[in-house]
Amino acid sequence: MNGARSWRAPLAAVTLAGVFAGTLATAVQILLWSLEGTPVLATLLRDARLTAAIVMGEAVLAAAPEWRWDVLLAATLIHFALSIACAALARPFARRRGTASALAGGALYGLALYAVNLHGFTLLFPWFTVARGGTTLLTHLVFGLALVAACRALPDRPPPPAAGA
């Protein structure tokens, strides 16, 4: 039982950190789109199609109607799976550094993710070039910061068992 409990807390912390950072980054991106006058719903649906096309194929890029539940579900699952994977990679670094160093590393991690996602992966998925830009860069920066902050805040050990359990 102790062996099973030993990996559950880090797994839960990684999952929560990834979901938190992915959700916050999406909210920030929506806010930035709103502030710059970008059509939020159309751009969100476009980005969902861009993401879903990774596993569903390029046919969804021209999906009609634009609002498809299978595309939104695939995009959401991909978004959070990648966010959790990023958390798994970042957590050891975030836990071993001081706050300022960890946050600086988180900012650099977010910028590196932008470079990999919007410049590296476009070799495989060229349709992502349309999402390049300052808003997406800033969103990745926020993601890296939020991810490291969440990784530092979430505990390494599971809570002790409840009395009488």
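Modeller: Let us begin with arginine 46, which is partly exposed, with a relative accessible area of 23%. Buried means under 20% relative accessible area, exposed over 50%, and partly exposed in between (1.4 Å probe, protein chains only). This is a predicted model: local features need pLDDT of at least 70, side-chain atom pairs count only at pLDDT 80 or more, and totals for chains, interfaces and linings use all residues. Residues are numbered from 1 along each chain as its sequence is written, and side-chain values use heavy atoms, with hydrogens and water left out.

Biologist: How many salt bridges does the structure hold?

Modeller: Side chains of opposite charge can pair when their charged atoms come close. A salt bridge is a side-chain nitrogen of Lys or Arg within 4 Å of a carboxyl oxygen of Asp or Glu. The structure holds 2 of them. In one, arginine 46 meets aspartate 47 at 2.6 Å, N to O; aspartate 47 is buried, at 15% relative accessible area. In another, aspartate 70 pairs with arginine 68, at 2.6 Å, N to O. Aspartate 70 is partly exposed, at 37%, and arginine 68 is partly exposed, at 23%.

Biologist: Is arginine 91 buried or exposed?

Modeller: Arginine 91 counts as buried because its relative accessible area is 7%. It is placed in helix H3 (residues 69-96), where helices are DSSP runs (H or I, at least four residues) numbered from the N terminus. The side chain of arginine 91 reaches the backbone oxygen of leucine 154 at 3.1 Å. Contact means heavy atoms within 4.5 Å; leaving aside neighbours within four places in sequence, the contacts of arginine 91 include Pro10, Cys151 and Asp156.

Biologist: Which residues have the most contacts inside the largest nonpolar core?

Modeller: A nonpolar core is a set of buried Ala, Val, Leu, Ile, Met, Phe, Trp, Tyr and Cys residues joined through side-chain atoms within 4.5 Å. The largest has 17 residues, and those with the most contacts inside it are Ala17, Cys86, Ala87, Tyr109, Phe143, Leu147 and Cys151. Helices H1 (2-36), H3, H4 (99-120) and H5 (134-153) each supply at least two of its residues, with H5 giving the most, 6 residues.

Biologist: What does glycine 18 touch?

Modeller: Glycine 18 lies in helix H1 and is buried, at 0% relative accessibility. Not counting residues up to four places away in sequence, glycine 18 touches Ser83, Ile84, Ala87, Phe143 and Leu147.

Conventions
A polar contact is a pair of N or O atoms within 3.5 Å; within protein, one must be able to donate a hydrogen and the other to accept it, and residues adjacent in sequence count only if both atoms are side-chain atoms.
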